[in-house]
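Hi everyone, thanks for coming. Please have a look at the next slide with me, and then I'll walk you through a few parts of it.

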Amino acid sequence: MSTTLPEGFLWGGAVSACQLEGAWQEGGKGPSVTDVLTAGAHGVARRITEGVEPGESYPNHDGIDFYHTYRDDIELFAQMGFKCFRTSIAWTRIFPEGDEDEPNEEGLAYYDDMFDALLEHGIEPVITLSHFEMPLGLVRKYGGWSNRVLIDLFVRYVKVCFERYRDKVTYWMTFNEINNQFHTDTDLFGWVNSGLVFSQEDDPERAMYQAAHYEFVASAKAVTLGHQINPNFKIGCMVAALPVYPYSCNPDDVLVAADLFHQVYFFSDVMIRGNYPAYALKLFERREWDLDITQEDLDALAQGTCDYLGYSYYMTKAAKSDANNDVTDATDASAPQMVPNPFLKQTGWAWSIDPKGLRYILKCFDERYNGIPQFIVENGVGLYEDLDENQTVEDDERIAYFREHITQMKRAVAEDGVTLMGYTPWGCIDLVSFGTGELRKRYGFIYVDKNDDGSGTGRRFRKKSFGWYQHVIKTNGEEL
Ligand code: BG6
């Protein structure tokens with residue numbers, strides 16, 4: 001049967017190590033930046049504590065215990081027909097403090113077995129090398145990504161992973177949502193991306209651009225190295241794709257929206273084109289920043305451009321030139337000019353729901369980057385859910401959400417000619433929310449019986465969407 005989406009389309013699901021593995025001190029693992037993040041809620045920011053403090057709650061320490069349950073969970077993914085599974089390697093399982101001479105064998109062996117479990121089911125691992133879990137040791141000792149030395153430490157970690165999993169993993173991504181540190185008004189995003197606490201920086205914006213530069217160079221060097229280790233590797237970058245619409249056709253709104261779109265484009269421009277865009281160089285000039293960017297760095301960027309563009313897509317924003325919002329709500333980092341879009345509904349966490357925005361960003365990226373292969377590695381909706389008397393969740397709202405998004409995704413392929421590699425809905429199994437640290441912001445096709453107060457058996461249950469998604473994959477997206 002001929003289908004809209006290409007044969008071999010990578011249907012799957014996505015998670016990250018620090019949001020589901022738990023076992024934060026097992027197998028020789030060291031503490032990561034996320035291990036010192038307290039629980040929050042919608043409108044209640046997660047706090048960064050100095051260390052792990054008694055009496056505080058750290059939801060990522062236990063996650064959903066995937067560290068121990070992965071074989072059973074992967075069995076469930078296989079039942080849904082997953083072709084791929086996106087997760088991350090916890091850097092702290094491989095280099096617990098980040099700067100040891102030798103990697104931690106127990107951590108390496110753990111991922112060996114997890115990848116084997118996937119491959120036994122014909123599921124391709126799609127691996128992010130750094131998903132909000134950099135070693136806390138690197139922050140305490142070197143100041144995180146404010147320090148150039150991180151480039152070599154990251155490349156060394158990556159080299160160990162590439163060599164070890166050379167024949168098990170083909171699809172890689174360097175930094176998860178590298179751009180979500182763009183808004184420097186909140187501490188959470190700078191912390192998890194770069195180990196920076198913006199509120200303690202003299203010039204947070206400069207600190208962000210400097211850290212991002214070192215990450216760009218590290219990412220580019222990783223791409224170059226990966227291709228040497230295995231020329232078949234496909235190594236992508238990963239951004240949070242958050243399109244910004246002008247609130248109106250007032251030219252001032254249009255220009256503000258175009259500028260705010262740089263919160264995405266600045267990062268993908270550098271990593272895909274391999275050089276700094278003129279608008280960024282002009283900004284550096286205006287600010288009179290003397291950033292540490294060497295010719296050798298620029299050569300590395302030009303050499304290590306990404307094979308594909310991976311991204312998360314959850315929502316769009318609208319920008320109004322004369323708005324002036326408070327942007328200190330860490331659960332929804334934004335800019336003062338961002339306003340709700342009156343044409344869109346929102347989730348319980350105030351995220352707009354905009355399936356057509358997905359088609360829009362697919363087209364934008366396609367046109368901006370000359371048909372580069374794209375990979376939607378996160379999309380989904382967080383909902384409040386409980387198991388019903390039939391031990392399931394009738395999550396029709398989630399099914400409708402995915403149906404509409406996949407419809408738009410297919411149109412982008414069929415009508416706009418976008419090259420799309422795959423689609424991995426976020427949180428295919430319920431896990432700890434990154435933004436709020438809650439378990440009750442549930443994304444999964446699989447319900448995990450675990451609650452924010454620590455109650456629950458940890459057992460897994462199939463939601464209604466489980467069977468629905470299984471059928472979608474079976475028909476390669478033809479029947480929604
Ligand atoms: C992305 C991240 O920001 O969105 C994930 O890559 C995160 O780590 C996901 O979990 C959903 O966000 P949240 O805050 O609802 O968990």
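Strand E5, residues 234-240, pairs with strand E7, residues 308-312, in the parallel sense over 5 bridges. Strands here are DSSP runs of E, at least two residues, and helices are runs of H or I, at least four, numbered from the N terminus; two strands pair if DSSP finds at least two bridges between them. Met 238 has Gly 310 in E7 as its bridge partner.

Please keep in mind that this is a predicted model: local features need pLDDT of at least 70, side-chain atom pairs count only at pLDDT 80 or more, and totals for chains, interfaces and linings use all residues. Residues are numbered from 1 along each chain as its sequence is written, and side-chain values use heavy atoms, leaving out hydrogens and water.

Now, which strands make up the closed barrel? There are 8, running E1-E2-E3-E4-E5-E7-E12-E13 with parallel pairing.

Last, the ligand. Tyr 443 has a polar side-chain atom 2.5 Å from a ligand oxygen, a polar contact being a pair of N or O atoms within 3.5 Å. For His 131, a side-chain N or O atom is 2.9 Å from an oxygen of the ligand.

Note on methods
Polar contact = N/O pair within 3.5 Å; in protein donor to acceptor, adjacent residues only side chain to side chain.
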